[in-house]
Amino acid sequence: MDWINLILIPAIKSVVLVVVLLTGFAYLTWFERKLIGRFQQRIGPNRAWKFGLGHPIADALKMIFKEEIVPSYTDKVLFVLGPALAIAPALLIFAVIPVGPTLNLFGKEIPLVVADVNIGVLWVLAVAGLGTYGIVLGGWASNNKYSLLGALRTSSQMLSYELPMGILLIAVLLVYGTLNLNQIVTPLTPIPWYLRVWILLAFPFYFITMLAETGRKPFDFPETENELVAGFQTEYGSIKFALYYMTEYLHILGASGLAVTLFFGGWRGPFVDQFPILGLFYFAAKVLAMVFLFIWASASVPRPRYDQLLRFCWTFLFPISLVYMAVTAVLVVVM
Amino acid sequence: MFLFIVFALIAIVAGLGVILSRKPVYSALFLLLNFATLAAMYIMLQAQFLAAVQIIVYAGAIVVLFLFVVMLIGGGELNAVDRETSRQGDKANIASQRSSIQLGWPRLTALVLAVLLLAGVGYGVITGQLHQPTGTAAAFGQGSVEAVAATLYTDYLLPFEMTSVLLLVGMVGAVVLARNE
């Protein structure tokens with residue numbers, strides 16, 4: 001019986017999660033193209049099937065059947081290793097994010113999280129930090145000036161924005177008093193409403209760091225197409241390019257999932273106590289709303305210059321987050 | 001025990017890879033692998049928090065910085081595309097080999113220090129001073145964040161604060177060095 005609980009159930013959960021995530025990624029590209037089209041007063045993809053719903057499948061087939069090219073003068077091992085190192089952490093982030101309440105299936109209590117660990121938030125930070133390697137190594141191994149510049153930009157951008165992000169996270173965690181994401185969604189002692197509102201004040205700043213950490217427009221400096229051709233992924237094609245592409249969208253999903261869990265109550269919503277399955281839909285809806293924010297930002301905000309990005313981080317975001325954390329600490333102790 | 005042997009072997013191979021790799025980038029990556037196996041061992045010792053911090057600090061920040069420096073300052077270039085520059089690269093290689101031959105004494109010092117370190121560790125292992133368990137993981141709250149923080153801010157408050165001052169000194173020193181140029 002033990003191996004069912006320890007190995008079989010987590011394995012099934014992981015497989016389901018990965019399948020859902022990869023399908024979600026495919027239709028996220030459709031969602032984005034459709035939305036961007038509307039933002040720019042176009043119709044967007046509408047050729048394949050109804051509403052262009054066949055486009056992601058066609059894209060996937062095209063990517064898989066393209067010729068694999070490894071350019072000469074690249075570092076062959078790292079060139080192939082790069083995309084793999086990028087996508088694995090992006091998938092691992094979801095291991096600790098609770099996507100729903102505990103379900104009762106086949107007479108078993110099944111919590112809808114792959115790993116309910118005490119260090120949940122730290123796990124997310126650690127794994128997200130590892131995600132940098134895929135991009136940096138891919139860019140370096142390409143042996144191309146544009147790729148190298150993209151990789152260097154990635155590493156400094158990630159390192160810089162990790163600081164305000166981590167400090168804002170510390171402030172939020174001070175309020176919850178735990179690192180376990182399951183306990184953050186369902187706190188043991190209720191969080192007073194003014195502290196919940198106070199947390200929400202941090203969300204705009206946190207959202208900016210999220211944009212920078214995921215390398216999304218308007219902060220897509222690792223791959224700025226008008227300066228660096230395609231940045232770190234210039235030399236990549238076919239399925240290896242697709243892996244980088246997936247990584248970007250999985251990062252969006254992961255960051256959205258974490259933000260929803262931290263700031264907007266995760267899978268909680270009306271009537272969840274009566275019908276636990278509703279939690280899944282609430283979580284999906286909230287993540288989708290967060291993804292919409294990402295796409296909205298990319299459609300409406302122009303890209304700043306690279307030095308402006310770093311200066312903004314170090315001279316504005318970093319001090320603000322420090323002050324916010326100090327005030328939060330005082331609030332938590334006093335109130 | 002089986003898992004420990006697996007991770008220990010990976011750690012040793014990775015450690016050898018760090019010092020035997022020709023390319024600095026590979027050295028840094030082997031170092032990363034080494035840190036990852038260390039984190040796995042922390043988890044086997046029930047110290048989840050330490051494992052996470054190990055990954056965040058070393059893998060997430062320090063090795064990234066190593067890579068950044070290697071890529072920015074050089075020493076990690078791949079083969080140049082045209083022949084002109086590759087010939088220059090060969091000359092540079094020969095020059096660096098010469099300078100490494102001339103710099104014989106640091107290697108000697110390193111060897112002496114390594115032998116001293118081995119002797120010290122060996123002495124500790126033989127006399128049994130190195131493995132005296134002072135408490136089980138359960139007694140230490142399973143290495144949770146609360147347990148680590150409580151110990152850090154009560155029993156080890158002074159060393160902790162001293163370390164932060166040390167880091168501050170290092171930071172100020174780096175700024176001063178950078179300004180001088």
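This is a predicted model: local features need pLDDT of at least 70, side-chain atom pairs count only at pLDDT 80 or more; totals for chains, interfaces and linings use all residues.
Residues are numbered from 1 along each chain as its sequence is written, with chains lettered from A and ligands numbered from 1 in the order in which they are written.

We can begin with chain B. Chain B has 7 helices and 0 strands, where helices (H or I, at least four residues) and strands (E, at least two) are DSSP runs numbered from the N terminus. Along the sequence, the pattern of chain B reads α-α-α-α-α-α-α. Of the 181 residues in chain B, 14% are buried; a residue is buried if 20 or more other C-beta atoms lie within 10 Å of its own, exposed if 12 or fewer, and partly exposed in between, with C-beta atoms placed from the backbone. Among the contacts in chain B with a separation of 6 or more, 50% join residues 24 or more positions apart. Here, two residues are in contact if their C-beta atoms, placed from the backbone, lie within 7 Å.

Helix α1(B) (residues 2-20) and helix α2(B) (residues 24-44) have axes that come within 8 Å and cross at roughly 160°. Axes are lines fitted to C-alpha atoms, for helices over the stretch in contact, and angles run from 0 to 180 degrees between N-to-C directions. α1(B) and α2(B) are therefore roughly antiparallel to each other; angles under 35 degrees count as roughly parallel, over 145 as roughly antiparallel, 65 to 115 as roughly perpendicular and the rest as oblique. Residues of α1(B) including F4(B), F7(B) and I10(B) belong to a contact whose α2(B) side includes F30(B), L31(B) and M41(B). By class, this contact of α1(B) with α2(B) has 14 nonpolar, 5 polar and no charged residues, counting Ala, Val, Leu, Ile, Met, Phe, Trp, Tyr, Cys and Pro as nonpolar, Asp, Glu, Lys and Arg as charged, and the others, Gly among them, as polar.

The contact between the chains takes 19 residues from chain B and 22 residues from chain A. On the side of chain B that touches chain A, the largest share, 13 residues, comes from helix α3(B) (residues 48-73). That side of chain B divides into 15 nonpolar, 4 polar and no charged residues.

Turning to chain A, helix α1(A) (residues 2-39) packs with helix α2(A) (residues 55-65) at an angle of about 120°, their axes 9 Å apart. That makes α1(A) oblique to α2(A). A26(A), Y27(A), T29(A) and W30(A) of α1(A) meet H55(A), P56(A), D59(A) and A60(A) of α2(A), a contact that divides into 5 nonpolar, 2 polar and 1 charged residues.

Elsewhere in chain A, 20 of the 26 residues of α9(A) are buried, so α9(A) is largely enclosed by the rest of the structure. Following α9(A) comes G265(A), with a positive phi near 75°. T209(A), in helix α7(A) (residues 193-214), is buried, with 24 other C-beta atoms within 10 Å. Leaving aside neighbours within four places in sequence, T209(A) is in contact with Y161(A), P164(A), M165(A), L168(A) and L317(A).
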